[in-house]
Amino acid sequence: MSEALVVDGVHKSFGQLEVLRGVDLAVAEHEVVCLIGASGSGKSTLLRCVNLLEPIDEGRILVEGDEITGRGVDVNRVRRRIGIVFQAYNLFPHMSVLVNVTLAPMLALRIPRAQAEAEATTLLERFGLADKRNDYPDRLSGGQQQRVAIVRALAMKPDLMLLDEVTSALDPELVAEVLEVIRELAAAGMTMLIATHEMSFARDIADRVCFLDEGVILEQGPPAQILSEPKEPRTQQFLQRIIEAGRL
Amino acid sequence: MTSAGEGRRGVTVALLSTVVFFTLLAVAITHAPGWPEVKRTFFNWNQFRDSMPEISRAFLLNVKIFMIAEAFILVLALVLAVLRSLPGPVFFPMRALGIAYADFFRGVPTILVIALLGFGAPALQLSWVPLSTTFWGIVALILVYTAYVSEVYRAGIESVHPSQDAAARSLGLTHWQSLRKVVLPQAVRRVIPPLLNDFIGLQKDTALVGFLGSVEAFKQSQIDAAATFNYTPFVAAAVLFVALTIPLARFTDWLVLRDRRRRQATGT
């Protein structure tokens, strides 16, 4: 298997605060990797760095062998290959669902409108959103909005999807429909790097789970091992708290 | 039925208090010692009727000044606001220029800008510089109001959450594409009411161009008043200005409402 994503010794600080302190991570093609860890451990920052929304201070990031953090890299070209979905959906409120989904393919990939709309409609149908295509985001439930956000990212036909705690802002009864979408993507072979608090979901879907602690990946391995028999005391502590909170 | 009953009672109370308030005000004014004189010089119906046609014609110039200036201001102010929003050290000169511009033209009284340009520019005696006072009056209004309106746009741009730009950029849109399709449409929608506020101000300030000698509504009413020793023409001009403002205000209300309805509408 070739590496879809390589993160090599990445450091990132915000002012005095060093959020990433040398992260090394490789994600193979078609692999699903879940990032777990406490709030502030650097999960979101890592995803934002991979998408080049945050410039890194040190290290390298490679996508399918191409370094994306070097000088003179066209960030827009890189981002077209990497889809990201945010915790707060971030749909464009002044556009209908269909326009939300077709905007980037039409502007960034220069796909003609008819083709972009046909592809968007196919994707929306696949995720049960066909009847919402002309609605504005305000009219949709959180779960529907997040599914639209996933479709919007997929419409760019990315090589890699980054999901940043996509169910954290949802009411509990809406979480399942979004996880179902992600499960389907995994089954279809999408390479994904997922930051999540849903441990049972991580156990279910991930090929590998990485525990992020204070800006480094402290421990990683198959979900069964990391979630059931973690070696590191910090991982054990974190999971203990999760179990006490009733989330595992 | 309580709420319907309460609603009807509310309307009745509002109506009653309005009538009482304005009756008292009218009584107070009409019983003032100088009222007969004021009535004769400011509210002379015959005078009003006689001067109205001429002032209305002159008012067309105000409308023209307003429309031309507004078209330029809407575009130039947006350009200025966008220049000031550009990130990074490369664009520092642009941002500095934008700030200097806004500071200067918001600081100098509009009538001074009009006087300086209206009397100064033609005095240069350059063959390609227009001599029309109206032209320079319009230029002055554009310069001043662009400074104000660019601040309004800027507030709108800054009110759009950075996550919107992040979402657009993460999809591979360029900074410019994100600005044009995602940030500005939301920013402009939000500032429509304050924008209109500035345009009402602009519409009134068209009267300042009369200072240069252009015969617009205020200048015309001044001429009429001077000829008849009666100030009713000023009241006639005021009526015209108000008559233009009200539809403008209702139009904005309608725009805001339409936008809200559209966002909450389900698709067909």
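**A helix crossing and its surroundings**

Mentor: In chain B, α6(B) passes α8(B) in a right-handed crossing; a crossing is right-handed if the near helix is turned clockwise from the far one by less than a right angle, and left-handed if anticlockwise. This is a predicted model, in which local features need pLDDT of at least 70 and side-chain atom pairs count only at pLDDT 80 or more, while totals for chains, interfaces and linings use all residues. Residues are numbered from 1 along each chain as its sequence is written, and chains are lettered from A and ligands numbered from 1 in the order in which they are written. Helices (H or I, at least four residues) and strands (E, at least two) are DSSP runs numbered from the N terminus.

Helix α6(B) covers residues 133-159, and it packs against α8(B) at an angle of about 120 degrees with the axes 8 Å apart. That angle makes α6(B) oblique to α8(B), since angles under 35 degrees count as roughly parallel, over 145 as roughly antiparallel, 65 to 115 as roughly perpendicular and the rest as oblique. The axes are lines fitted to C-alpha atoms, for helices over the stretch in contact, and the angles run from 0 to 180 degrees between N-to-C directions.

On the α6(B) side, B:Tyr153, B:Gly156, B:Ile157 and B:Ser159 take part, and they meet B:Val183, B:Ala187, B:Val188 and B:Arg190 of α8(B). Two residues are in contact if their C-beta atoms, placed from the backbone, lie within 7 Å. By class, the residues of this contact are 5 nonpolar, 2 polar and 1 charged; Ala, Val, Leu, Ile, Met, Phe, Trp, Tyr, Cys and Pro count as nonpolar, Asp, Glu, Lys and Arg as charged, and the others, Gly among them, as polar.

Helix α8(B) also takes part in covering α7(B). The buried residues of α7(B), which spans residues 162-170, are B:Ala167, B:Ala168, B:Arg169 and B:Ser170. A residue is buried if 20 or more other C-beta atoms lie within 10 Å of its own, exposed if 12 or fewer, and partly exposed in between, with C-beta atoms placed from the backbone. Their cover includes α8 (175-190) of chain B, and from chain A α2 (75-81) and β6 (82-85). After α7(B) comes B:Gly172, with a positive phi near 95 degrees.

Among the buried residues of α3(A) are A:Val97, A:Leu98, A:Asn100 and A:Val101. Just after α3(A), A:Arg110 has a positive phi of about 55 degrees.

Helix α5(A) (residues 142-154) has a further partner, α6(A) (residues 172-187); their axes come within 8 Å and cross at roughly 15 degrees. That makes α5(A) roughly parallel to α6(A). From α5(A), A:Gly142, A:Gly143, A:Gln146, A:Arg147 and A:Ile150 contribute to the contact, and from α6(A), A:Leu174, A:Glu177, A:Val178 and A:Val181. Here the division is 4 nonpolar, 3 polar and 2 charged.

Of the 268 residues of chain B, 31% are buried. Chain A has 9 helices and 10 strands. Its radius of gyration is 18 Å, close to the 18 Å from the globule rule for 248 residues, so chain A is as compact as a globular protein of that length. In chain A, 48% of the 248 residues are buried.

How values were computed
The radius of gyration is taken over C-alpha atoms; the globule rule is 2.2 Å times the number of residues to the power 0.38.
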